[in-house]
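Dear colleague,

Please read them with the model open beside you.

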Amino acid sequence: MTPGNSWDERISAFLFSPSQFLSCTTSESFLSELLDELRDEKANDHKKVLLLSALLEHPTVLCPTTSAGEGTAQELISILTFTPQKSISLKCHIMMAVTNVLICTSCLASQTKVAEDYLEFLFKTIQDTNDNTGGLALQPLRATACDCLREMESCNPGLLSQKLETLYYLKQQETTILHQSYCTLYTQSLKNAIRLLTQEKDVDTSKLRSVLGGNEGFAWKTTGLPLSMLPFNMMTQVPQLSTMLDCKELKSILSLLLEESYLMTPISQALLLRGLIEIVAMVPAISPSIFKSQLLRLFGTAEVELMHATLLMKGTFTDSLFTAEDEHFLLKRLVGMAQHPLLRVPEKLFYMDCILHFPENRPISSSGEECLPVLVTPRLTLSLIPTVFNDSATMLCRLNLLCLVHLEADEEEEGKGLAYLFDHLMALLKIVDNQGSREMVVTSFRAVFIFLIHFNYMEKFSEKLVSSLCDLYSRHCRLAPHLINLADRIQECLEDSLWSVQLLKALQKCIVEMPPLQLTLQDLKWHLKILGRVAQESQIVQRNTICLLLNVLINSNLCERKNWHVGNAILAVCRNLLQHPTLSQMFIELADLLQHMTKHYEDTDIQDHARFYYTLLTNLSWEKLAGVLAKGPEGGQAKIRSLSATVAENDGVTSCLTVHQTDGCVLQLMKIHEPGSQRATTGADTLETVDKQDFFEVYREQFKTPGFASEITLTYNLTHTKVTDPRFDKMFTICLHFDLNDSHYAEVSDIYVPCLFRDRKAPQVILKLKPYQPYPTSLRLSAIFTTEDGLSWHTQLPDVKVSFPEIFLPIPSPLDASHEFKEEVFDLMWNATSSGDPDSSATSLFCFKTESDKLADLIKIHFEGYQIAESQDQNAWKVLFFLPPRFHVLLKLRQAEDAVQVSIAMDNWELLPHVNSYLQNITAYCNMTTT
């Protein structure tokens with residue numbers, strides 16, 4: 001095993017995803033390695049505990065069969081035997097792992113030999129009461145053994161039912177901190193033993209006594225069926241023993257357990273009380289008044305666990321244990337604890353939930369849903385009124401509680417309370433209006449939902465809410481998703497309510513009547529979501545929506561901006577309108593809208609969808625339209641999903657998205673290298689009437705023409721990458737989109753390629769760049785295309801890098817310019833640059849060593865298209881690079897005795913570092929020096 005593949009990493013990977021981890025190996029192999037490592041004496045305890053976590057978390061994955069579980073348990077017991085006594089923590093973890101494996105692999109239920117031996121071992125361990133034999137150091141082993149036995153008893157009820165006398169004796173003998181472990185183990189065993197008696201017939205007092213005094217072997221035959229927990233309340237039938245039994249001994253045992261509960265921790269007390277409550281519920285001969293002495297202590301407890309046990313007791317025994325005064329006191333206690341300043345938020349929420357599910361002595365409803373107790377009045381809950389200073393969870397829980405309270409209150413109290421709750425909602429919306437946080441936005445809409453669920457029938461509140469929400473939306477259009485979600489949830493919960501329709505109708509009016517200056521592109525996206533939802537309501541007239549959309553498209557440049565997302569949102573509105581019952585009343589307006597998008601929206605995908613909708617509108621009846629445009633069921637037939645993807649935006653369902661994202665890059669641009677002379681830019685004028693002394697002026701005059709020589713043209717082949725996905729062998733309507741990484745170039749228009757087939761010649765792509773500053777750059781490139789199956793895809797291509805030499809162009813001279821003209825322009829430009837403004841122009845010298853034949857090759861390869869003049873006798877050359885939009889780099893090369901000297905002049909000094917790097921690159925194979 002390599003260091004990079006340590007046990008820490010392997011166990012972590014296994015616990016994160018067992019199936020993924022085992023895809024590279026087998027459970028048998030991994031388990032074998034794990035057990036071998038556990039046997040290794042050199043491995044430390046911490047590492048072995050980490051290994052055991054795999055068996056504790058996923059025992060059935062590593063031991064899928066009973067035989068595998070039996071073998072693994074046997075190995076772990078062997079490891080436990082040879083583990084040193086000082087490794088107490090490791091021993092405890094091994095014991096828990098063995099217990100887990102035996103239970104989960106059904107070894108315990110099957111009464112295998114290893115399960116019998118291990119059960120004997122655990123029982124022998126707990127018999128060393130008060131650490132008389134093993135000493136205090138072995139106390140954790142006894143605690144773990146008690147926990148393991150209790151877990152086995154819980155999963156196999158009745159297993160210890162014939163050991164009750166021994167367990168009771170051990171409990172009485174234990175005086176250390178483990179006394180509560182023995183108590184909970186005995187209570188669990190006693191409860192299951194009583195439950196088994198309730199399933200037998202003709203149970204008499206002697207049978208009960210024999211169970212309580214049992215001191216035999218383990219009851220393997222009683223573990224056939226698991227025993228479910230008792231119901232929370234007495235509304236359902238609880239299995240019970242006969243009322244004629246003499247239960248004095250059992251009552252004495254229960255009384256003693258209750259007295260000992262004072263010595264336990266809250267969690268152990270709650271566990272003990274739950275077991276005793278179930279026992280008393282099954283033995284009607286024992287009165288619930290046995291718990292009476294505990295009530296005062298439990299009513300005053302601040303422990304959540306004990307309060308939960310108290311409410312379980314209340315729900316089980318109702319008025320047979322709790323008087324009306326007790327019930328009222330307990331409710332007041334819950335209200336007080338729900339707003340106690342020293343409690344944490346989760347605990348306060350628990351107490352409020354207890355109020356909403358309070359088990360009354362005479363409950364009105366038995367559904368188990370939230371139902372306010374009769375004794376809870378507005379006066380009692382006055383301290384629970386929500387405020388804007390509460391945290392979100394507390395505020396919503398209090399609001400829900402107070403809504404239920406005032407729903408049942410009399411008219412006078414209801415008016416005051418509801419007015420306050422409504423003012424609270426208005427305060428929350430005001431906070432949202434003042435740029436409240438996202439959490440406050442979500443909380444406010446949840447609060448509105450809670451209020452409407454209870455009081456939607458009250459028109460004075462519901463109408464004010466509609467008005468307030470519309471005003472809020474007019475200032476914060478980003479709230480559109482929350483408003484749509486609110487309308488949807490209200491419709492789900494209140495099918496007969498028209499509030500959602502009223503809200504959507506008001507929002508439509510708000511958007512339609514909005515001033516044109518507020519219809520920004522960003523806000524329009526939110527408006528379209530609202531209008532799309534409005535279009536789903538058959539009770540709302542849609543003509544105004546269509547007129548608004550048509551006016552926006554006609555009176556703005558939205559069609560020219562080619563925004564696919566906005567176009568798709570408009571089509572989503574149109575799709576819902578096509579299914580509207582009043583389609584015949586808005587047929588002409590909708591047809592005009594779709595036809596306008598077909599002709600003027602400058603996005604091919606949007607045009608195709610609009611044309612498709614127009615065809616459906618003009619050729620199908622409304623009934624057929626509704627059938628065609630119905631969304632395909634998720635996981636249905638492929639044709640249904642494809643049609644749904646074609647005609648619907650269908651957010652949230654990946655298989656129905658209009659544009660899919662490729663897993664990786666599937667396209668690339670391959671550069672076609674062209675000589676500089678083939679990229680020459682020429683002027684429009686001729687030199688027939690121009691004097692020699694005016695050559696330079698004629699040349700400079702050309703740049704006064706807008707856009708003259710301002711572009712560079714680069715040619716590429718568009719090809720597939722090495723990824724051989726057959727879905728992309730044939731691509732159609734490929735749109736290449738370029739994004740700039742700097743501000744040195746003008747925005748690049750999208751380039752469209754009709755098609756690309758893997759087995760055909762690659763199409764050429766001509767990229768035109770318009771520099772503001774002629775510096776090297778790179779462009780981010782993405783593409784949207786359609787495949788043969790009709791799906792649209794988006795992919796990211798490698799960045800297009802534009803190097804400095806790719807910006808070079810030959811001198812932009814008139815059509816019939818001679819070499820004499822170019823050389824004259826070069827000389828005049830050289831003189832002007834050398835003696836020009838030092839803030840803009842610059843001169844420099846670059847030297848390198850090379851042989852004469854290599855120099856000739858260098859000039860032919862790199863300078864041939866830009867060479868102005870050559871002097872063979874003086875071994876000198878003149879070279880001029882034109883860099884759009886109007887910059888020049890002039891070179892004079894001269895062969896000296898020891899080196900080649902390159903004199904440099906330029907009319908933009910900021911280009912000097914790029915020129916120097918360029919010369920270094922092309923002369924890299926020469927022995928060069930730079931000055």
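Cys107 is buried, with a relative accessible area of 0%, where buried means under 20% and exposed over 50%, with partly exposed in between, for a 1.4 Å probe and protein chains only. This is a predicted model, in which local features need pLDDT of at least 70 and side-chain atom pairs count only at pLDDT 80 or more, while totals for chains, interfaces and linings use all residues. Residues are numbered from 1 along each chain as its sequence is written, and side-chain values use heavy atoms, leaving out hydrogens and water.

The closest cysteine sulfur to that of Cys107 belongs to Cys63 and lies 8.3 Å away, which is too far for a bond; taking a disulfide as a pair of cysteine sulfur atoms within 2.5 Å, the count is zero. Cys574 is likewise buried, also with a relative accessible area of 0%.

Because 13 of its 17 residues are buried, α7 is largely enclosed by the rest of the structure. Ser106, which follows α7, has a positive phi near 65 degrees.

In α22, the buried residues include Phe461, Leu465, Leu469 and Tyr473. On the face of α22 turned away from its buried side are the exposed residues Glu459, Lys460 and Arg475.

Best regards

Note on methods:
Helix = DSSP H or I, 4+ residues; strand = E, 2+ residues; numbered from the N terminus.
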